[in-house]
Amino acid sequence: MKGVREIATVTIFGTLLCLCVPGVTGQFDAHSGRKNVIQAFVVPHSHMDVGWVYTVQESMNAYAANVYTTVVEELMKGKQRKFIAVEQEFFRLWWDKVATDVQKSQVHQLLKEGRLEFVIGGQVMHDEAVTELSSQILQLTEGHGFLYETFGKRPQFSWHVDPFGASATTPTLFAFAGFNAHLISRIDYDEKDMMQKYKKLQFVWQGSPSLAEQHEIFTHTMDQYSYCVPSFLPFSNRSGFFWNGIAVFPDPPKDGIYPNMSLPVTTQTVGNYAETMVANIKERAAWFRSSHVLWPWGCDKQFFNASVQFENMDPLMDYVNQHKDEFGVQVQYATLSEYFQAVHNTNLTWDIRRNRDFLPYSSEPFQAWTGFYASRNLLKGMARRANSFLYACESLFTLYLLKYPLGSIDKFWALQNIQQLRWAVSEVQHHDGVTGTESPEVRDMYMNHLLRGIRAVKLVMAAIFQETLTEVESSQITVYNPLGWNITTVINVTVAYSVVTVYDDAGNAVPSQIQKSADSNTTFDLYVLVRLDALSYHRYLVKTNKSTCTNELDSQCLKGQLSYRGRVITFDRKTVGKLKHGGRRLIPLMNECYLLMLNEDTNLLHSITDRSSQKTIKLKQEFLEYHSNGDIKKGPISDNYVFTPNGTAVLVSKSIGMEIVTGELVTEIRQYFYSTISALANDYQYAIVTRIYNVPKGSDQSLLCRRIEQEYIVGPLDLNREAILRMTTNLKTDRTIFTDSNGYQMMKRQYKTYNNNTLARNYYPLLRTAYIEDKNARLIMLSERAHGISCQADGQMEVMLHRRLWNNKEWNLAYNLTLNDTSIVRPLFWLMLGSKSTTSSLHQSGMALEFRPVVVFGSASGNGSQLQSKKSHSATAANSFSLPSNLHLLTLSVPGWQYSSNHNEHMQNILRGQRSQPDFHRVLLRILHLYEVGEDPVLSQPTTVNIKNLLKSLGTVVSIEERSLTGIWNINTLQRWKWRTSQQRDMYSDIATRKLIEEFTVTIQPKELRTFFVYFKEQKKLQTNLKVKL
């Protein structure tokens, strides 16, 4: 989203332009040879949203294709002209479907001359608040792989001008990718005002406290005008510097006349244009320390007619340069790298910003952009689930290629299917995608692309299962663990029969439990305990008895029953407001790790005790709603982006019902929240389903026992309601909460008081992890999708789960951005409680929630081989792949890139026009250290791994190359720029100096993310027995 909101800010701050700005200091300029000359770098660009109001295809048709067609044509006409390209999705579509051979040749030439430059280089400009780390890396890798493969270009600068706030993870991410500088724009208006006033808009950002200067990056914050040129012209009623006007949908006008085309530059107007431009340049120069001014020329959907743009700007810039002595300003077309190179050459000493972010973001006093943390909950959940499927399929396909290189599955077909989901997951990371700030039409586009991609990778996984598993005449459940650790967990499938038995593929009985489904009177929930090695899958066989039981205590139901039977106990509904006090009637429910106490007088949770430390916290969970104004005449509104409640949250429930399902494996609590006392049993808008698991002796309890699983059911909401779950405890937290930054690192969030909108400005994004704590205990929430979260009172956490809004603001109505979301959402959370030591597995548990096992349930097909009793078809017991618990297998994939990892060889291939087939032998491996320095006495230690030994169960490793984050740099040739800082230190070792120790051994430091190309010895011999398990 763009322009419109930011231009509104420009109107507030930028309408008074003056030719002389006090405080501007010039430095000696190498180009002019004069002092006090400001050098303005005019950077032509077009901001093109991969979504937002219009679908990608609509944008391609209306303007996006024309941007690259006309820009390439115009750049070829003038050697001084330049342009930066940002989002790769539009460029790739143009390159593949529109560009002619002549245009492609011209692009190669312009790139060689440095007049066309790719910045960021990802598929999209990803959001920074609600995107998860692995998805960010995916979209960046997708774009970089294309650019390097096609042009040999390796982006080194960011252009994050439109994400709604700036994360502390992003600068570290871009440093890992080899970037030399980072650029941001949307930060809180109060903070930007102060930074402008004291010339603090540029700094060196150390986003990670553990990595500090090793992965710092120079950061430029755009001033109040952001990425758009000032629209105000004192001599015209038209917007300024947008000579091609505004893009028209659905089709470009046949006469070439667009709305709001700027007044042409003529001999009569050039002087006025020059004075306006120079005044703005000087105003901006006053906010920066050097005499170099970045002047972005462009805005949303610009340069679809580059001819009229350059034909007007060329004479204007000539005029300014002809009068540079009078104006004290010299201008030039520039790429972003040229601007940063000029700033770097000043050799100034820069302040350091340590591990602080720029969240939340407010653009005005009552414009806190914290609502989008929870907008379109279904899309947020689908985006993360799709990424989880992709993560699983990538590693499964890699295992298949390594173990069965001569298998019958068409690897080109499989790669194409995987690439379909890579594209969809990358696309939705756009800052108007997963944020939920798009129109319904664009939401549907994202959802359709994700669903098609998921179906595509499911076909690949099913094909691998069918080829590598011995089949039987029974229903089967296939479960794949994509994580780098062995896990013990419980999976759930829906079955039609109440009497079942479950066996593993060796014929051994498996602990399981069956119970009536809460969602249907005709189906049953089957829970199965599964034990899975890292990167392995198992098959479980389900035998059913069609004589469905109706009475849970019937002896016929229990006879020969190997699955435990869950027993449902229904409690009387309790009226809110007439509830008894004191909590004397408490119901205890426990497993080996926790004791939960439920208050039978209220049907609410009363307390949780961590049995290992005997720490108890009182805990009450309630649903509330913030009411929002929908009439702009009556005050500030909430919408897709902003959260502006009318007042404090209001309880939604008049009565609460409860059921408890007891069983040997699972204990389930179902709480139903009714808006009326007389509501029917199924007429609820809110519900909580809580599960704790009883892990049999001899099984690993480390993760499964220590989680309290909660599923919240919310909706459909009434109009202009924003739904929260509030958890009130007796912890002494001083209104401080810890939330994660993109699932990478934790941020301490202390409650702040503002002159306006304090409630909304204390909301923060929750990606995966949040917790509150005092000196005795810590309460953790783990989530599988993004939400908003806040600590509004001592000992409280409130999570915004769902929003349904409408308002009559003309701009929102015009673009259908009112968020009238009538869906029912079911987000999943895991709670953990205990001391810091007993909850030290929070990061591993977070990954286990994010990348849950893939479960395929259905009839087996094939030759009807009988189950061989007591004999397993699994080879996983011999697998040696298992990472230490503080290291996470972030990526194991075969990207299929068509470039040589030798840069010189690859550039020669490009010059010769040689293009190879996808490389199925290069494996991309990423390993992430999950802990900060000092976070845990054991888990925070550097960890040494022998990669050859780690991967020996997959094949024989013959060579390893360490690469930059996206794979396009050999780490030993990457030399990032050094920026002088106020921190006194010796010149530190750059990431390029890291090398593998002998024998394929690498030591991974806290919070390091290491990327490798791994090559295995090729197997030549045809497999004689494919029907075994990986």
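This is a predicted model: local features need pLDDT of at least 70, side-chain atom pairs count only at pLDDT 80 or more; totals for chains, interfaces and linings use all residues.
Helix α3 spans residues 88-97 and is mostly covered, with eight of its ten residues buried. These buried residues are Q88, E89, F90, F91, R92, L93, W94 and W95. Their packing partners comprise the helices α2 (56-75), α4 (101-113), α5 (133-151) and α13 (411-428), together with the strands β2 (83-85) and β3 (116-118).

Aromatic pairing was examined next. The structure holds 65 aromatic pairs. One of these joins W297 and Y333 in a stacked arrangement, with 6.3 Å from centre to centre and 25° between the planes. The pair links distant parts of the chain, as W297 belongs to strand β7 (residues 292-297) and Y333 to strand β8 (residues 329-333), 36 residues apart. Both W297 and Y333 are buried. A second pair is formed by F412 and F920, whose ring centres are 5.2 Å apart; their planes stand at 90°, and the pair is therefore edge-to-face. Because F412 is located in helix α13 and F920 in the loop between α19 (903-911) and β38 (922-929), this pair ties together parts that are 508 residues apart in sequence. The two residues can also be described by their accessibility. F412 has a relative accessible area of 41% and is partly exposed, whereas F920, at 9%, is buried.

W297 and Y333 also belong to a cluster linked by ring pairs. R385 lies over the face of F389, at 4.9 Å from the ring centre. In the case of R707, the charged end sits over the ring of W830, 4.0 Å from its centre.

Attention then turns to nonpolar residues with accessible area. L719, W806 and L813 form a nonpolar patch on the surface, and together they contribute about 260 Å² of accessible area.

I677 is found in another loop, between β24 (666-674) and β25 (686-693). With a relative accessible area of 54%, I677 is exposed. When neighbours within four places in sequence are left aside, I677 is in contact with R573, T575, K654 and S655. The C-alpha atoms of I677 and I656 are 8.7 Å apart in space, while the two residues are 21 residues apart in sequence.

Key: Residues are numbered from 1 along each chain as its sequence is written. Side-chain values use heavy atoms; hydrogens and water are left out. Buried means under 20% relative accessible area, exposed over 50%, partly exposed in between (1.4 Å probe, protein chains only). Helices (H or I, at least four residues) and strands (E, at least two) are DSSP runs, numbered from the N terminus. Contact means heavy atoms within 4.5 Å. Patches are made of residues with over 30% relative accessible area and no salt bridge: like charges are joined within 9 Å, nonpolar side chains (Val, Leu, Ile, Met, Phe, Trp, Tyr) within 5 Å. Accessible areas come from the Shrake-Rupley method with a 1.4 Å probe; for residues, only the protein chains shown count as cover. A salt bridge is a side-chain nitrogen of Lys or Arg within 4 Å of a carboxyl oxygen of Asp or Glu. Rings of Phe, Tyr and Trp (its six-membered ring) pair if their centres lie within 6.5 Å; planes under 30 degrees apart count as stacked, over 60 as edge-to-face and the rest as tilted. A charge sits over a ring if NZ of Lys or CZ of Arg is within 6 Å of the ring centre and within 35 degrees of the ring normal.
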